[in-house]
Amino acid sequence: MAIILPELPYAYDALEPYIDAETMHLHHDKHHNTYVTNVNAALAKHPEIGENLEKLLADVNSIPADIRQAVINNGGGHLNHALFWELMTAEETAPSAELAADIDATFGSFEDFKAAFTATATTRFGSGWAWLVVNKEGKLEVVSTANQDTPISDGKTPILGLDVWEHAYYVKYRNVRPDYIKAFFSVINWNKVNELYAAAK
Ligand SMILES: [Fe+2]
């Protein structure tokens, strides 16, 4: 068995005009596919450790040193992107009553959460991700990771994530990352976020 590239759960143009089809093709078929190819090449060197990336990345020191960084980069790249595709939809969705109440209690209001998430995504220097996670104490938290690092490696469960690598937005939004972040809020699949939130709690 090897790790396989999952198909998008919608058509490449489904998220237009917020996320364009050309970006989705490049992002999924090229970038994500490369992470899959490279993590399989790394894991093939150590068949004894298996292919459970969540488990491996939850304890990166358990990964043999000679493939550790490759698994962090490419295994993280695969997990992050596989989740990212599912976190978007063209359908109208909304946070569950439980999640909405937790967002209000944690951040003050939905708008305050949106501002915190937007600021974190905007100020991530270079390549990385912005996340809404459930932390070890069971609390919501907005965090950022560099490169393809996953919050799982910090003991946190990601329930919403935004890729802010330039490859995620440069075709359509050029250098204007804030416009891309704003657009993302129009295509969030809150049904998936609600499901991940319920599972994490
Ligand atoms: Fe990406």
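Let me start with the largest nonpolar core of this predicted model, which has 43 residues, and in which Phe 113 and Tyr 180 touch the most other members. By such a core I mean a set of buried Ala, Val, Leu, Ile, Met, Phe, Trp, Tyr and Cys residues joined through side-chain atoms within 4.5 Å, where buried stands for under 20% relative accessible area, exposed for over 50%, and partly exposed for what lies in between, with a 1.4 Å probe and protein chains only. Several elements, including α3 (65-86), α5 (110-123) and α7 (177-184), each supply at least two residues of this core, while β1 gives the most, with 6 residues; helices (H or I, at least four residues) and strands (E, at least two) are DSSP runs numbered from the N terminus.

On numbering and confidence, residues are counted from 1 along each chain as its sequence is written. Local features need pLDDT of at least 70 and side-chain atom pairs 80 or more, whereas totals for chains, interfaces and linings use all residues, and side-chain values use heavy atoms, without hydrogens or water.

Turning to the metal, the protein donors of the iron ion are His 27 (NE2), His 81 (NE2), Asp 163 (OD) and His 167 (NE2), at 1.9 to 2.1 Å from the ion; donors are N, O and S atoms within 2.8 Å of the metal (3.2 Å for Na, K and Ca), and with water not among the atoms, sites may look incomplete. His 27 in helix α1 (residues 21-43) and His 167 in the loop between β3 and α6 (170-173) are 140 residues apart, so that this pair links distant parts of the chain. His 27 is buried, at 1% relative accessible area, and His 167 also counts as buried, at 15%.
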